[in-house]
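Hi,

Here is the structure I promised to pass on.

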Amino acid sequence: MSLEALQSYELLVFPSRRALTQYHSAKEGICAPSMVLGEFFSKAIIYPNKSIVPKHLRKFIVSRVLREYDKQHHILLHNGFVFEQSFIAYLQSSEFFLRFFDELFVHKIAISEIPLLDTYGEYEDHLRILQDVYERYCAFLEQRGWVYKSWDFTLAHLWLQDFSRITIMLCGVLSPFELAILHEVSRVCLVHIRFDVWEKTQGFWDIFDLPLDLDCGFSYVLSYPSGELVAKTPLDSAHTLHAYSFLSRIEQVGAIRQQISEWLARGIEPEEMSIVLPQEDFTQYLQVLDTERNCNYAMGKPLQHTTLYATLSQALQENTQSLSVCVAQSFATLNAQDRIHYAPIKQKLDEIVHEYQTMHAFFDDVDFGEIAQSFLHEIKGLSIDDVYGGRIRVIGALESRGVMLPYVILVDCNDGVIPHFRDNDLFLNTALRLKLGIPTTYDKEKLQVLYYKNLLLGAKEAVALCVQDDKNAPAHLLQELGCVVHESEQSIFQHTLTQSPAYKREHYVGRLRKVFSPTSFTTFVRCKLQYCFRYVVELREENIEGSNAASVGILVHSALQKVYEPYIHKIVNLADIDLVQKACEQYVRAQEFEQALDRANVEILLLDLARFFEFEREHIKQHGAFEILGLEEELEDFVLEGYRFCGARVDRIQRQSNGEVFVIDYKYTNNISDIAKEDFALELYANALSAKYGNIKAMYYDLKNAKSISSPSKKEELIAILHTIDTHFCAREVSSDEVLIQSTKHTLDSSHYTQGYGVFSPADTSKPCLYCAYKTICDR
């Protein structure tokens, strides 16, 4: 660097640590002073006569405030702010409170300024709780002369006066708080902002005093806050982008290996290649299949997957006295080489232990087991440097910001992954955010997509990989970039057998037991093979996908049965609906839910039920009061076309004021129309009840959309299906390529079975396979 450059005293500020490291690696001689964005804003301001609270300490302060507040009011558990009254629960809830407080802080918004329009019924009570906790938290800090961040700051003039110019390499947005700091800094020295513009729709550059008309494909340097142009440089647009789809995540590894081989054959250095992971758990596939150790995992390896973590966890269970003693004991078990390897982790663990010791005043009445559990949860996020890795970098998406990566492979380029974000606050919906001037979900998604576009467009050559099946679709940004997604021919499952045997699908053959329940019959109609596995072979599935939805469905059925039971053989009028709704809400809220997601689903359920009870009121206004004849009533068996139907349990039977009898099936799902096409339960209920009540009207009650759907008679279709079964399961020999199966529990009695054998064939379409527990067995 020249003497003139040394005397310029320019400070360079980068968006990420990796971007800063890349700058230093590319320079020869003395580099200009540099740091990352977060460090700059921390060093640029001071708070006179205040001590800055360490970031980790804040959650313990809020945790203590929450515990003390709950001792006085006993309302946090009832309002869903904690799932139980324990140290861990308060500690976890404190992180939510802090995210809420911080978002309002950086936009300089008081809780009292949040409007109450477009909100739910208890919103005002929740805001009052948040306000009370925030005031107690602020008072706690004020009493001790502590501060974390404040708009009442002073510039660090002694530090800033060393620089005549500060250049910020910006990749994203700055918060109002950061802009306020930058505005004050611009009064002391020149502030330049450098950024790249790849498309007109970015819209992140309205932070300058002048309206800007920027051209795509250029890198700009503008003076802040005036917006005066300092430099304009064309970006290298000679880039190539390809995209490929796969049937599973792990198959992407095959394409990664193939692409790396192609680049190496073209003479491209491994150091120029990068694999970018939107989801860092993809490393589990790479690490297993990277047998040549070509990859270097920049994010490190998770501590929780090491024997050190397991040893430490065991020590914390056996020693109930001291965190520091447990850490020391765990490291004493390592050999000399591992102690050197884990030295940075040891230093970090000692720092966290010291923080816990400092925070002892906040949990002096807490059991050591809970402290140990919190400590283990805290250190799970630590990682160990990949010192034995290869020359090809594997980095997370955030670390790729502002970094020039010539040859890039982006994995998991799917909707739901790109963009993907954690909603910071459940209390600020889109309408409120727009009114308050806070970034919405759409803004956050747009910013994330911008990161990935800059990554792909800034590379000389980029390859995007994704999963494409019934549940996964390529990310929209590929379509926005005009990139066509091709099905990949590469797979880690391809083998080299020259005379491999042809795949032979097994055909399951057996006789059909002529006894159905409504559920088993619906399963048989949808997929005979699924019926075979579940009801003939009796392979009972566990942990089926979608079980959360199933548990909510069970809850809503039991709730409606419970609250309507007092009205069996009674007339239900408008006033009764009010009482039923109140009882239903009390019943649902009385259930215990450990997971935050379950509690959130219950809140959604209560909103849906509120609309449903409004539908019940409108029904009474239009058609008059009704009589409940039965709830969850088990119906008598009946025979139809030689098939016995048993085990039917109808959700609700009611008589209208005009004498009509409704048999009602509750459905709590989004795709009720699809279900109704293949569901014969209502038709079977109507058959079973016709002798008792005469003509019956079958109805679905759509609980999610608060409406009723009439089910037309399916008796002719039902009879036609039963006749088809007789034709399908006919007298025939079982061939050698068929697998003969039979029930393991039922005695073979010819009067209860079809006369012949038939094939339990899979469904014609893959729709029933989405949540099927047997799709692997039948090669779907």
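Below is what turned up, starting with the aromatic rings.

A few ground rules: this is a predicted model, in which local features need pLDDT of at least 70, side-chain atom pairs count only at pLDDT 80 or more, and totals for chains, interfaces and linings use all residues. Residues are numbered from 1 along each chain as its sequence is written, and side-chain values use heavy atoms, with hydrogens and water left out.

The whole structure holds 38 aromatic pairs (ring centres of Phe, Tyr or the six-membered ring of Trp within 6.5 Å; planes under 30 degrees apart are stacked, over 60 edge-to-face, the rest tilted). Phe521 and Phe645 make an edge-to-face pair, with 5.7 Å between centres and 80° between planes. Phe521 belongs to helix H19 (residues 518-526) and Phe645 to strand S25 (residues 643-645), so their pairing ties together parts 124 residues apart in sequence (helices are DSSP runs of H or I, at least four residues; strands are runs of E, at least two; both are numbered from the N terminus). Phe645 also pairs with Phe638: the centres are 5.5 Å apart and the planes at 20°, so this pair is stacked. Phe638 and Phe645 are both buried (under 20% relative accessible area, 1.4 Å probe, protein chains only). One aromatic cluster includes Phe521, Phe524, Phe638 and Phe645.

The charged end of Lys528 sits over the ring of Phe524, 5.3 Å from its centre (NZ of Lys or CZ of Arg within 6 Å of the ring centre and within 35 degrees of the ring normal).

Elsewhere, helix H17 (residues 441-457) has 12 of its 17 residues buried, Leu447 and Tyr451 among them.

Enjoy exploring!

Methods: Buried < 20%, exposed > 50% of the residue type's maximum accessible area, 1.4 Å probe, protein only.
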